Amino acid sequence: MSDHAIRRIVIVGGGTAGWMAAAAFTSLLDQRELEIVLIESDEIGTVGVGEATIPPLQAFNHMIGVNEDEVLAASQGSFKLGIEFVGWGAIGERYFHPFGPHGQDYRGVLFHQFYLREAKRRPLPDIREWSMSGAAAELGRFARPAPNSPMPLPQLSYAFHFDAGLYAQFLRRLSEKRGVQRVEGKIVDATTNSSSGHIQSVTLADGRAIEGELFIDCSGFRGLLIEEKLDTGYEDWSHWLPCDHAAAVATPLTGPPDPFTRSTARSAGWQWRIPLQHRMGNGLVYSSAHWSREQAEEQLLQNLEAEPQAQPRHLSFTAGRRRLAWNANVVSLGLSSGFVEPLESTSIHLVQSGIAKLIALFPDKRFNPIERDEYNRQMQEVFEDVRDFIILHYKATRRDDSEFWNYCRTMEVPESLATMIELWRAKGRIFRQGRELFGTASWVAVLLGQGIMPEEQEPAANAMEEAFMSNAMDQMRLSYRRTAEQMPTHVDFIARHCAARQQA
Ligand SMILES: Cc1cc2nc3c(=O)[nH]c(=O)nc-3n(C[C@H](O)[C@H](O)[C@H](O)COP(=O)(O)OP(=O)(O)OC[C@H]3O[C@@H](n4cnc5c(N)ncnc54)[C@H](O)[C@@H]3O)c2cc1C
């Protein structure tokens, strides 16, 4: 290790973000002369929600060297092939946002261009029928593609539903085994170096001071170090994302768990339904300017499929991001770095993305500003990209049944999103090069699903022979359907590979 190497990292907070960071550091940093301390407070607890993920989490589990089935068995996990959206474009409509691509591209022209052309010639079923994940989800089936699986199975892409508290406990056991020192205690203060402005230590309620060279702030919404100590500032996006409250409650399962999340739009927000192995996670995300807490709770409870297992838990938040994800010697991860509502299950991914970027730009004791600036630039980009995708769901609606939807439908959106929508509207174009999240298929699913049909398609799609493409599309659709029919049911797959070992 060089003289400048960081030798002591202090992680503040033991929610999903804190333990993901701890597990990743033990896997990717040379630990011979490195101490990793994680401080958490049982008295404060964690946010206690966050059950749905997106496919990159597979890579995170692989990176930290854990077996996916073990993770699912430990966290009551199930598989997620996408999200079914109900009532978003208009009341009574539904569509599916599948993971993985739609169809197969041909001679450099994206599949959806052929779909758009064909849809003008004859009535076509929903584009989900040209998706491996979409077809499997519709039948309640699941299979994990192997490297040598024949097409189209390798197109199936999946993520997980799990109990995030159990996932964090799993990561805690792993991290402690690998040498992370866990400190239980409530942080009441922090000391800073008067010349550099860097945090030197945090002080616990019992008077203990814990020193560090690099601090990872995973303390949740409050941002104990990044905000309360360093005054970093928060960029508020609530004018684009007006939902600012949530109520969550679990119910028993009433049937086998579906391999997808469902999001149902309501008149001032939306309701999630996330099936785990042992229960259904439910929650309502809503705008407090349009619904009171009591109205929201009533909406949630009257739309459950079974009796709630407890009183609903209420949470509040402000959509936005910390102006600097990394300030001085503090890197914020998780809720302390910002929050975009869970409509596309992106928060845990933003933790993962922050960890990966931090490892790639890992500082030494000299804290070269170029590393910090680049980290902040990259995190801003990924946060804004997620923001735009979520705003799209609100903007691209024809609903006019409430003040909330009238506001969303007519609001100004960020320029970056307005451009995306205009490019799509003209000739179905989507450009996602260099973007880490939500590829073309995701944007196509939401744009088409919420009723924005492009006026034309790319000239290159028109150049392909019509009868040949039409026939190829029918064959493709059939092959997704047949492949899905041959898969085990989701519930059988879980029973065979990752049935929960512990009762939560
Ligand atoms: C309604 C809702 C639904 C969500 N759904 C999803 C979803 O489906 N998918 C998804 O990816 N994400 C979801 N999220 C986000 C997800 O819950 C979080 O991103 C994730 O749990 C990480 O939280 P965290 O670790 O940053 O914070 P927390 O879970 O709040 O953990 C904070 C930690 O800091 C500690 N701490 C705080 N103050 C102190 C102190 N003074 N001293 C010592 N310790 C302290 C606490 O004890 C705790 O250990 C959702 C969030 C909300 C609000």
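Predicted model: local features only at pLDDT ≥ 70, side-chain atom pairs only at ≥ 80, totals over all residues.
Me: What about Arg-477, which ring face does that lie over?
Reply: The face of Trp-130, with 5.8 Å to the ring centre.

Me: OK, ring on ring now. How many aromatic pairs?
Reply: The count is 28 aromatic pairs. One of them is Phe-79 with Phe-493, edge-to-face, at 5.4 Å centre to centre and 85° between the planes.

Me: Which parts does that pair tie together?
Reply: Phe-79 belongs to strand 3 (residues 78-80) and Phe-493 to helix 15 (residues 490-497), so the contact ties together parts 414 residues apart in sequence.

Me: Phe-79 and Phe-493, buried or exposed?
Reply: Phe-79 is buried, at 0% relative accessibility. Phe-493 is buried too, with a relative accessible area of 5%.

Me: And Phe-142 with Phe-493, why is that pair edge-to-face?
Reply: Their planes are at 80°, and over 60 degrees counts as edge-to-face. The ring centres are 4.9 Å apart. Phe-142 is in the loop between helix 5 (132-139) and strand 6 (159-161), and Phe-493 is in helix 15, so this pair ties together parts 351 residues apart in sequence. Phe-142 is buried, at 0% relative accessible area.

Me: Which residues do ring pairs link into a cluster?
Reply: Phe-85, Trp-88, Tyr-95, Tyr-394, Phe-404 and Trp-405.

Me: Switching to helix 1. How many residues, and what reach?
Reply: Helix 1 (residues 16-28) has 13 residues and reaches 18 Å from first C-alpha to last, close to the 18 Å expected at 1.5 Å a residue.

Me: Last topic, strand 11. Which way do its residues point?
Reply: In strand 11 (residues 214-217), Leu-214 and Ile-216 point one way, Phe-215 and Asp-217 the other, and all are buried. In a regular strand the side chains alternate between the two faces of the sheet.

Me: What does strand 11 bridge to?
Reply: Strand 1 (residues 8-12) is joined to strand 11 by four bridges, running parallel, with Ile-9 partnered by Leu-214. Strand 20 (residues 330-332) is joined to strand 11 by three bridges, and these two also run parallel. There, Phe-215 has Val-330 as its bridge partner.

Notes: Residues numbered from 1 in each chain as written. Heavy atoms only, no water. Phe/Tyr/Trp six-rings, centres within 6.5 Å; stacked < 30°, edge-to-face > 60°. Buried < 20%, exposed > 50% of the residue type's maximum accessible area, 1.4 Å probe, protein only. Lys NZ or Arg CZ within 6 Å of the ring centre and 35° of its normal. Expected span 1.5 Å × (residues − 1). Pairing = 2+ DSSP bridges.
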